[in-house]
Every structure is written in C-alpha cells, then in structure tokens.
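Good morning, and thank you for making time for this presentation. I would ask you to look at the sequence and the model on the screen before I turn to individual contacts.

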Amino acid sequence: MTTPEHSTPRDRKACERLDAEDPLRSFKDEFILPPDTIYLDGNSLGARTKGAAERAQEVIEDEWGTGLIRSSNTAGWFDLPATLGEKVAGIVGGGAGSTVVTDTTSINLFKAASAALKMQATDAPERRVILTQRENFPSDIYMLQGLAEQLGDDYEVRLVDDEEVTAGFPNTMSDEVALVVLTHVNYRTGRLFEMESTTSAIHAGGAMVIWDLCHSAGALEIDLAGSGADMAIGCTYKFLNGGPGSPAFIWVAEALQNRFTQPLSGWWGHAKPFEMSPDYAPADGIRRYLTGTQGVISMSVAELGLDIAARADMAAVRAKSLALSDLFIDLIEARLSDHPVDIVTPREHEHRGSQVSITHPEGFAIMSALIERGIIGDYREPEVLRFGLTPLYTGFTDVWDTVEALRDILDNHAWDAPQHKVRGAVT
Ligand SMILES: *Cc1c(COP(=O)(O)O)cnc(C)c1O
C-alpha cells in the first residue's frame with residue numbers, strides 16, 4: 001500500500017486552517033456556486049465557470065448576431081473541435097494533434113470501438129470478443145452491444161469484474177478478445193485502474209484498449225501517450241466543468257490515427273469538406289474522427305473550463321483530491337460508526353479516483369435530506385451515496401460540514417420524512 005500516514009483534523013478549525021494553506025484555494029474564485037451550497041456532484045456536472053454567461057452572450061451577440069456565417073472562419077468555429085482538443089490533450093497527456101472535442105462520449109465510443117475492431121479484423125480476424133467492465137457506466141456497455149449487434153459475424157460483448165481487471169485479467173484475456181473498453185475510474189465506487197500496467201496486460205493478451213476518462217480527466221494526472229493506450233474518450237462536463245451537455249473528446253494514439261476511418265464518416269471528418277465531393281476521403285490524422293456540425297455555443301463555453309484545468313497543476317489537484325477523500329473517509333469512520341454505513345471507495349490511494357461513495361439502506365432518502373440542507377451529492381443504485389470531490393472548488397471545511405450534516409440526519413432520522421421518498425427522473 002502506498003497510502004501515506006496522515007492525521008485527521010479533529011475539529012472544524014483545523015479544516016479551516018487546511019483551506020487557508022491550500023495552494024489551489026484561489027481557483028474557487030473561477031467558479032460561481034449558489035450561496036450556502038456545498039457542491040459535491042462535480043463528477044456528474046461540474047460547477048459553472050465564472051465567465052460562462054459572458055462568453056455565451058459574446059458568441060450569440062457578436063459571433064452569431066453580427067458575424068453570421070463569416071464567424072465560421074473569423075471566430076474560429078470550424079476549428080473549435082481541434083482547438084479544444086489541444087487543450088484536453090494538455091490535461092490528459094495526449095500529445096499534440098491527437099485529440100478532438102466533439103459529439104458525446106457514447107458516440108465517440110462507437111467511433112473508437114468501430115475503428116479498433118476494423119484494425120483487429122485485419123490483424124487478428126479470429127478475435128471477435130469485446131471485453132468491458134460489468135460495472136462500467138451503462139451507456140458504454142449499451143453502445144458496445146449495439147455495435148456488436150450491427151457487426152453481426154459472431155461479435156460479442158463480455159463483461160468482466162473490476163477485481164479481475166485489477167488482478168491483470170487472469171481468467172478472461174484469451175485469444176478471442178479483440179478489444180477491451182475500461183472506464184479509468186468506476187462511476188459508482190470510485191475505483192481507479194492503473195492505466196499503464198493494465199494497458200500492458202491487455203496488449204500482452206493481443207487486444208487493443210480504449211480508456212474512458214469521464215471520471216478522471218481533470219481530476220488526476222494522466223499520461224495517455226506515455227501509457228501506451230490505443231484510444232480514449234471522455235466527457236468535458238464533469239471534472240472539466242464544460243457546462244451541461246458540453247461535447248466529449250476522443251483521443252487516438254498517433255500511430256493508429258490513419259490506419260482506419262470510423263463509420264460515422266460525415267463531412268467534418270472529410271479531408272476537404274468544402275469541395276463537396278460525392279466521395280468520402282478522410283482527413284489526415286485525428287480530424288477523421290469528426291462527424292458533423294457541432295454546438296458552437298456549448299463548445300465556446302466549455303473552453304473556459306478547459307482553460308482553468310489547463311492552468312491547474314494536476315499533481316497538486318491529485319494531492320488535494322486524496323487529502324479530501326482521506327479526510328472524508330476518516331471522518332465517516334470516526335463520526336458515523338453507530339450507523340450501517342459502508343465505504344465502498346477503495347482506501348488505497350493507487351485504487352482511488354476523486355470521489356467517496358458510501359452505502360446505507362436508506363441511501364436515497366438520506367441524500368434527499370442532505371440536498372434539502374444545501375449539500376449536493378447524488379444517489380446511484382443500489383444504495384450508493386456518491387460524493388464527488390473537485391479540488392478546484394471543494395474545501396476541507398466542506399467535507400467536515402458534510403459529514404456533520406450526515407451525522408445529524410442519521411442520528412435524528414431526518415431522512416424518514418415523506419418528501420425524501422419521492423424520486424425524480426434523474427437521481
Ligand atoms: C458520464 C459518463 C458517460 C456519459 O456519456 P454521454 O454520452 O456524454 O451521455 C459515459 N461513460 C461514462 C463512463 C461516464 O461516466
């Protein structure tokens with residue numbers, strides 16, 4: 001275990017001191033949160049960036065209103081996927097010319113997996129199995145199932161347990177496996193996979209790997225190019241604070257970029273889109289992973305979140321994230337021990353992302369009671385209360401106050417009220 005010794009602050013004052021000494025404390029001013037709110041759901045939707053409204057206004061009034069179609073060139077609209085892609089690449093260690101921001105994570109997974117399976121169909125045609133985590137975010141599994149169905153020809157999606165991935169795939173990697181799709185940090189438990197050794201194990205088994213970075217991009221140090229990974233996808237609206245529904249990214253290792261095209265071969269991925277040729281000729285490099293016109297307002301606002309993350313030292317972000325989650329775990333153990341609360345997030349730093357998840361049989365009602373008090377986390381089936389820790393705007397005092405509120409809600413059964421039993425469409 002590499003988890004270092006640390007001492008848990010014993011009172012709120014000690015947490016205030018940690019906040020005052022925090023080298024990242026000034027980043028909080030770059031975001032706008034409502035008053036009296038502790039926001040611990042940045043792993044679902046990041047907080048609003050300070051300039052977001054002004055940027056949207058500028059795009060609407062100046063670029064759209066005055067510039068009209070001229071802004072495709074003069075305001076750089078056409079280049080936004082690549083411009084933003086370079087910024088994401090800087091944050092996740094992708095290297096230049098390797099990333100575009102476009103479409104959704106689900107769609108980018110379809111494109112990446114299609115291209116990877118095409119490569120394998122040439123190199124190792126007998127391999128027809130796609131492995132992914134049983135506990136992966138469901139959309140990833142569904143997209144792979146949809147793709148396997150579309151391909152026919154005995155393509156099949158097989159599910160594997162997280163423990164087996166951590167152990168290096170002793171049972172499941174076989175010469176049938178063409179592709180492994182893994183989410184770097186489990187959305188529910190917060191378990192983190194080691195990217196480099198896992199990638200090596202997959203390659204040693206003859207398969208390719210696509211990493212989903214939805215819960216790690218912007219939250220920890222990633223060295224995509226250095227890890228030897230084949231492809232990666234991820235969203236910008238979680239730890240990268242791009243705004244609701246902001247577009248996702250796709251990264252492809254340089255050596256693979258020109259090997260195949262992806263099947264959503266729209267005009268934005270064409271080498272010369274404005275020649276309007278009836279024949280598709282893919283652009284050179286990562287641009288061939290584009291499909292069609294993108295939401296310019298959303299992209300422009302997302303850029304603010306990327307710029308903030310690009311300025312933050314990811315090693316400092318990771319150090320603070322672990323200090324916050326250590327504190328959270330220690331306080332839960334010290335102050336909620338009378339209650340049936342279990343911590344499902346791994347204790348070892350090398351296996352922990354940037355969240356703390358706990359279970360309680362009344363998880364949904366407890367989260368509802370917390371939200372009523374202005375402390376926003378979320379709930380995931382079954383029984384999981386999830387607290388995302390975004391080091392750029394979450395403080396040690398926030399963690400202290402959250403555990404104290406939880407203690408009060410549990411001690412006084414405040415969750416046991418009719419308004420906490422009603423479920424909306426989105427939990
Ligand atoms: C959030 C998340 C998604 C979301 O996909 P969209 O297509 O953007 O809705 C996909 N995969 C994982 C692992 C996620 O955490």
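I begin with a salt bridge, in which the side chains of Arg311 and Glu30 meet at 2.8 Å, N to O. Arg311 belongs to helix H10 (residues 296-311) and Glu30 to the loop between helix H1 (12-21) and strand E1 (31-32), so the pair ties together parts that are 281 residues apart in sequence. This is a predicted model, in which local features need pLDDT of at least 70 and side-chain atom pairs count only at pLDDT 80 or more, while totals for chains, interfaces and linings use all residues. Residues are numbered from 1 along each chain as its sequence is written, and side-chain values use heavy atoms, with hydrogens and water left out.

Now the terms. A salt bridge is a side-chain nitrogen of Lys or Arg within 4 Å of a carboxyl oxygen of Asp or Glu; by this rule the count comes to 24 salt bridges. Helices (H or I, at least four residues) and strands (E, at least two) are DSSP runs, numbered from the N terminus. Buried means under 20% relative accessible area, exposed over 50%, and partly exposed in between, with a 1.4 Å probe and protein chains only. Glu30, at 22% relative accessibility, therefore counts as partly exposed.

Two further pairs deserve mention. Arg134 and Asp161 meet through their side chains in a salt bridge at 2.8 Å, N to O. Arg134 lies in the loop between strand E5 (129-133) and helix H6 (138-151), and Asp161 in the loop between strand E6 (156-160) and H7, 27 residues apart. Arg134 is partly exposed at 46%, and Asp161 is partly exposed at 35%. In the salt bridge of Glu333 with Arg347, the closest N and O atoms are 2.1 Å apart. Glu333 is in helix H11, whereas Arg347 is in the loop between strand E11 (342-343) and strand E12 (355-359). There is also a network of salt bridges that links Arg12, Lys13, Glu16 and Asp401.

I turn to the aromatic rings. Rings of Phe, Tyr and Trp (its six-membered ring) pair if their centres lie within 6.5 Å; planes under 30 degrees apart count as stacked, over 60 as edge-to-face and the rest as tilted. The structure holds eight aromatic pairs. For Phe328 and Phe387 the ring centres are 5.1 Å apart and the planes at 40°, so the pair is tilted. This pair links distant parts of the chain, with Phe328 in helix H11 (residues 314-335) and Phe387 in strand E15 (residues 384-388), 59 residues apart. Phe328 is buried at 0% relative accessible area, and Phe387 is buried at 0% as well. Elsewhere, ring pairs join Phe78, Trp267, Trp268 and Phe274 into a cluster.

Finally, helix H8. Which residues of H8 are buried? In this helix (residues 195-204) they are Met195, Thr198, Thr199 and Ile202. They cover an arc of only 100° around the axis (taken from the directions from the helix axis to the C-beta atoms), which puts them on the same side of H8. An α-helix has 3.6 residues a turn, so residues three or four places apart point the same way. Contact means heavy atoms within 4.5 Å, and what covers the buried residues of H8 includes helix H7 (162-166), strand E7 (177-183), strand E8 (208-212) and helix H9 (224-227). Just after H8, Gly206 takes a positive phi of about 85°.
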